[in-house]
Amino acid sequence: MIKLHHLNQSRSLRTLWLLEELNQPYEVVSYQRDAKTNLAPQSLKQIHPLGKSPVIELDGQVVAESGAITQVLIERFAADSLRPAVDSNDYAQYLQWMDFAESSMMVPLLLELFTNKAGVADNEFLSGYIAKEKHNLLAYLNDELEGKTYIVGDKLTGADFMLSFDLIMLAQRGLLDDYPHIKAYADGLSNIDSYQRALALEAEYDESK
């Protein structure tokens, strides 16, 4: 049995969606963000020293980091359906986009979030860097998605699960109007049945609403 330690309003939504798509038995242990700090509760540190989510338990092993979790679950339960064959031309692209979501793409998004929360969004250097880097990355991704339903090949893969969290969030906030191919892609992912089921579960688990 897979056990997901799920924090509300977090990147754990990716893992919840993947578990719904895999159609494997799983259990969810739900955690709520602190109402004042918006941080994960201390109880998550009992599962993993970093106290972050998502974290899964599988065969007695604790696995952290959403990218690693995505790869472990796909390799175990859906290697033939949710990733390209290792000897295919798509495999390198698959790995690239898996990493892109939590490395290149995440940097300016987190910087933007933190500068806004810290009240330093008017810092000329930071705001200039964030705006330029964010645009460069989104423009690149927008070009790559032209004419595509999924990021790799013509099928849903782990790379789509990894990209989904940030892009669907940006689309919901109306921040992708200048990137129509990303917007269409994010809208398409958000309408997949398994994603909608995960979203409904997320709403059930989120006690802050």
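**Notes on a predicted structure**

1. Val-107, Phe-125 and Tyr-129 together make a nonpolar patch of about 310 Å². Please keep in mind as you read that this is a predicted model. Val-107 belongs to helix α4, which covers residues 106–118. With a relative accessible area of 40%, Val-107 is partly exposed.

2. Now follow helix α4 itself. Its 13 residues reach 18 Å from the first C-alpha to the last, close to the 18 Å expected at 1.5 Å a residue. Which residues of α4 are buried? They are Met-106, Pro-108, Leu-109 and Thr-115. These buried residues pack against four helices: α1, α3 (90–102), α5 (124–144) and α6. Just after α4 comes Gly-119, which takes a positive phi of about 70 degrees.

3. Next, look at the aromatic rings. A pair of rings is described by the distance of the centres and the angle of the planes. The structure holds 6 aromatic pairs. In one of them, the rings of Trp-17 and Phe-161 have centres 4.1 Å apart and planes at 40 degrees, so this pair is tilted. Trp-17 sits in helix α1 (residues 12–22) and Phe-161 in helix α6 (residues 158–172), so the pair ties together parts that are 144 residues apart in sequence.

4. Side chains of opposite charge can pair when their charged atoms come close. How many salt bridges does the structure hold? There are 8 salt bridges. One of them joins the side chains of Glu-102 and Arg-14, at 3.0 Å from N to O. Glu-102 lies in helix α3 and Arg-14 in helix α1, so this pair ties together parts that are 88 residues apart in sequence. Glu-102 is partly exposed at 29% relative accessibility, whereas Arg-14 is buried at 1%.

5. Another salt bridge is formed by Arg-76 and Asp-59, with the closest N and O atoms 2.6 Å apart. This pair links distant parts of the chain, 17 residues apart: Arg-76 is in helix α2 (residues 66–77), and Asp-59 is in the loop between β3 (55–58) and β4 (61–64). Arg-76 is partly exposed, with a relative accessible area of 45%, while Asp-59 is exposed at 59%.

6. Finally, here is a salt bridge within a single helix. Lys-183 pairs with Asp-187, and their closest N and O atoms are 3.3 Å apart. Both residues lie in helix α7 (residues 180–190), 4 residues apart, or about one turn of the helix.

Conventions
Residues numbered from 1 in each chain as written. Predicted model: local features only at pLDDT ≥ 70, side-chain atom pairs only at ≥ 80, totals over all residues. Heavy atoms only, no water. Patch = residues over 30% accessible without salt bridge, like charges linked within 9 Å, V, L, I, M, F, W, Y side chains within 5 Å. Areas by Shrake-Rupley, 256 points an atom, 1.4 Å probe, with all protein chains shown as cover. Salt bridge = Lys/Arg side-chain N within 4 Å of Asp/Glu carboxyl O. Helix = DSSP H or I, 4+ residues; strand = E, 2+ residues; numbered from the N terminus. Buried < 20%, exposed > 50% of the residue type's maximum accessible area, 1.4 Å probe, protein only. Phe/Tyr/Trp six-rings, centres within 6.5 Å; stacked < 30°, edge-to-face > 60°. Expected span 1.5 Å × (residues − 1). Contact = heavy atoms within 4.5 Å.
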